[in-house]
Amino acid sequence: MTLAVVNTYYVVKSIHNMAVLITFGVAFIYPIAFAVARSHDPRSLPAMHRVESAIERTLIVPGLLVVILTGIDITSIAHHWGQFFVQWGLSAAIVIGVLVTIVMIPNAERAAVLAERDLAASAADTVSLSGEYQALARRLLILGTLLSALVLVTILLMVVGFNP
Amino acid sequence: MLDLARGAAYDAPAMPPAATATPFHVVLAIHVATIIMTFGVVFARPLVFALAGKRDPRSLPLLHRIEYTVDRYLMAPGVLIVILSGSYLANRAGHWSDFYVWWGIAVVILIGAALAIVMIPTAKRAEAVARRDLRADSASAIELSGEYHALTRRLAVVSAVLGVLVLITMLFMGIERPL
């Protein structure tokens, strides 16, 4: 392999890859985090949902913006607008951004409120979470898993598209 | 060679019209996906602990438990998959003599060692100390001990170093081996 040339394309592409890592990596810990919270300290569930919505608001949404902008830049530099993986990647990023903003963040905040209400109504030594909370938490988990799967499919398409 | 001038700098790989997924692609996709799943969490840690410390310090023991559970069940196996898939890719592509391959392997081994030797035991200890401090302050304002702050400082510093190493590695990989 010859020595690589560092130019605008590779610098922006590295920023794009780093933004993908920082933006999407955290979502994969949600299932573990909530499973541990439910089994070891259900009284921390409201705090967990607040952390979840804060991560989405302050890390994932701005990160998505960086991913989209750097993606557009490297696509323009390389004239790859006709490639399927570019169209897919852009669509996936927009879909994720919309769902995180419209569904994930409001539902995480609602789940925090519901969990707080249920915990306040529970006795000191037992925790009883309502069906409404359980349904909302399940919906958040399913949607989060679907979005993570979308990220993985997009990675596969990018890898195949970039390494023919 | 560094050429950041936009017009003259273009050196992007040319794209053929269509591509087919081969075993190499599948392993490369697994390698990239595992890197995101394994190392992405490192960058959320400061935000998570800053938020929890400010808004709800009583959740700190749970967060440390989540921290070492993620390290043990997500990051440690992830490190292994990254090394195995990376070795396969380097072998298939004949890139063993390239600097970025050795750098990548060294960084991943270093991260694995830091997880096993520093991160997991320190997070466990931080959980126990936070629980003790919170029990002692159960009714009044929450005051965490100097021991707890020292442990979380160590976790934050090691985590930040690992995060920087991951980003530098991605920069090398992005330059030497596009995608």
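A residue is called buried if 20 or more other C-beta atoms lie within 10 Å of its own, exposed if 12 or fewer do, and partly exposed in between, with C-beta atoms placed from the backbone.

Some housekeeping. This is a predicted model, in which local features need pLDDT of at least 70 and side-chain atom pairs count only at pLDDT 80 or more, while totals for chains, interfaces and linings use all residues. Residues are numbered from 1 along each chain as its sequence is written, and chains are lettered from A and ligands numbered from 1 in the order in which they are written.

Chain A, then. Its secondary structure is five helices and one strand, where helices (H or I, at least four residues) and strands (E, at least two) are DSSP runs numbered from the N terminus. The order from the N terminus is β-α-α-α-α-α. Its C-alpha atoms fill a box of roughly 65 × 30 × 25 Å along the principal axes. Of its 164 residues, 44% are buried.

Now the histidine. Where is A:H79 found? In the loop between helix 3 (45-78) and helix 4 (84-121) of chain A. Most residues other than glycine have a negative phi. A:H79 is not a glycine, yet its phi is positive, about 55 degrees. Is A:H79 buried or exposed? A:H79 counts as exposed, because it has 12 C-beta neighbours inside 10 Å.

Chain B has six helices and one strand, running β-α-α-α-α-α-α from the N terminus. Buried residues are 34% of its 179.

Last, a place where the chains meet. Helix 5 of chain A (residues 131-162) packs with helix 2 of chain B (residues 23-39) at about 130 degrees, their axes 9 Å apart. Axes here are lines fitted to C-alpha atoms, for helices over the stretch in contact, and angles run from 0 to 180 degrees between N-to-C directions. That angle makes helix 5 of chain A oblique to helix 2 of chain B; under 35 degrees counts as roughly parallel, over 145 as roughly antiparallel, 65 to 115 as roughly perpendicular and the rest as oblique.

Which residues of helix 5 of chain A make the contact? They are A:L152, A:I155, A:L156, A:V159 and A:V160. From helix 2 of chain B come B:H25, B:L28, B:A29, B:V32 and B:A33. Contact means C-beta atoms, placed from the backbone, within 7 Å.

Key:
Two residues are in contact if their C-beta atoms, placed from the backbone, lie within 7 Å.
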